[in-house]
Amino acid sequence: MVVKSLNHLPIPTSANISPRSVSTRRYVAGVIFGIFFSLQLGRYAFDLGKNLDITVDDVTSWTHNVNAAHFCPQVTALYPQSSVNAETWTEFGELLETEKFKTLAIEKLSGLIQIPSESYDNMPPPGQDPRWETMGQVHDYLAVAFPLIHSTFSLAKVNTYGLLYEWTGSDASLKPYLLAAHQDVVPVNPDTLDTWIHPPYSGFYDAETGLIWGRGASDDKASLAGIMLTLETLIGKGWTPKRTVVLAFGFDEESSGIHGAKTLGKALEEIYGRDGLAFIVDEGGGFKDVYGTIFATPGVAEKGHADIKVEVTSPGGHSSIPPAHTTIGYLASIISELEQNPFPVELARGTVPHDTLLCYAAHGHDISPRLKHSIFKSTHCDAALRKVEDLYVSRDHWYSSLVGTTQAVDMIYGGVKANALPESAYAIVNHRINTVSSVNETAAHDTQTVSGIARSFNLTLKAFGEDIIPASAYSSSEPKGHIELSQAFNHELEPAPRTPTSGTGSEPWDFLSGTIKATYAAHRNLRGVDRSNIIVSPGMSTGNTDTKYYWNLTRHIFRYNHKNGAYGGEIATGVHTVNENIPLDHYLEMIRFFSTLILNADEVKSFE
């Protein structure tokens, strides 16, 4: 744009105006020029901002970046302090580096993997299905592999296969804590056996790649073996706890824990009482590189869960005289309607996904200035919150699944013969419920979505015991069929209570954060390096763990086993699919984490 000089502006001659008028006009001209210059500068900054992927508002944000850590405060690394614990911790760390211990660790995990302890959906209680008997093999193996634990801990078996261990501490005034894992694994599909690099129940260790192979290597037998080997080693060193250590190992976590953790939770509450534990650590989050920074994300919340059965019934008959739509056709239309009307994905303040993003913005080295600014601003500005949804949440499938209520049609049934019209057909829709939503809200959404289809096809509708569209709604004609919505398996679950991560009552979170930092630093010989070598952020996963049955035991539940998620270009972990594996070094770091946790927990008094 051409800017004309002020000299070209028509200025009256002195014969027509007074000196004061000239001064006034020059003042006005100066103001006009100032406004014009500011507009041009703003436009230039805007154009520059687009090129640099920032907005004009970002210019003002730099002054706030100095206080970015306010959005995600960190603690220092927490190491065992007492002379006994510090010495034990140092010796344990040195032992981890020896070939003898590495061989022992491989042996313990490999032996556990070799037991095909598969759990299946909708299994009857133990004693009524021979498939449960592999859990007995797990018990026999643990007794032989970890003899010191079985001569030191008390052991109760809950509902036949649930394992409940206790190592009673010397100080009864200290609340016990619980370490959890599960014995079962996802079944291996026989049709996939030839796609496994090493047989799924071989427990094979490849020294060349450093990988331990087999079903359960990553989920969750490395945790179970790691906990047991840590405690076996501490007992062998003559160490004894002040604070009581409790272990709980379920046996059907992969099929919702109905027979395992559910009964263990009741037994634990009977023994220790409501809010009787200092904290719980179970499988869950790990750590990985995000925006050029290593973030650990212990799970401090969980989504809810509901399996909705959608069933359609209509008169049967011979397929040679079909109606316009069969029950399967109606069901297909309902499924299509559900998938075309997903739940809204809306990021909310005060939720774990939002807090995680705040930590990314506060500590991520490579996060774009534009996204960083929007995340910080979203703490008080609704427009910025929607901007974060656009810039990040909607573009990341995993994160959008974490934020919103999801739906997945996972099971379908209908028809028994090619020439017979099916009288009924049904599908199961699996929902993982937003932490700020509920089971009832999820059911209401499905009901509303299906109602339109029901009316368009002249179908009656009953949803969760309530007649939504009765037959009387169609006065001019008979209904052509019926739709019914119900809870499929009657184990729906509300979103979990959130573990405190700031303010009053967050001491266990600080303890865990410090333990994570100490473990990460020690495993890389970084002790003494600035505490920012790993950032600990509130996190959560898209699924559920056995801890859904442990809510009454403590407010402080951490789904975290310090699993290294930084695989890069290496072979994927294969969790729930073929070629499951875990790198030996990652497994050893998990053992280091449990040893640091146990020794630190024996010294911290702020849980009580």
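Two strands count as paired if DSSP finds at least two bridges between them, and strands themselves are DSSP runs (E, at least two residues), just as helices are (H or I, at least four), numbered from the N terminus.

**View 1. Here's an open sheet of 6 strands in a predicted model.** Its order is β11-β13-β9-β16-β14-β15, with mixed pairing. β11 (406-414) and β15 (466-469) stand at the edges with a single partner strand each, so one side of each has no neighbour in the sheet. Residues are numbered from 1 along each chain as its sequence is written.

**View 2. Zoom in on β14 and β15.** Strand β14 (residues 459-463) pairs with β15 in the antiparallel sense, over 3 bridges. Look for Ala463, which stands opposite Glu466 in β15.

**View 3. Meet Phe92 and Phe101, an aromatic pair.** Rings of Phe, Tyr and Trp (its six-membered ring) pair if their centres lie within 6.5 Å; planes under 30 degrees apart are stacked, over 60 edge-to-face, and the rest tilted. These two have centres 6.2 Å apart and planes at 65°, so they're edge-to-face. Both Phe92 and Phe101 are buried (under 20% relative accessible area; exposed is over 50%, partly exposed in between; 1.4 Å probe, protein chains only).

**View 4. Tyr560 and Phe593 make another edge-to-face pair.** Their centres are 5.5 Å apart, with 75° between the planes. Tyr560 sits in strand β18 (residues 557-564) and Phe593 in helix α16 (residues 584-601), 33 residues apart.

Notes:
Predicted model: local features only at pLDDT ≥ 70, side-chain atom pairs only at ≥ 80, totals over all residues. Heavy atoms only, no water.
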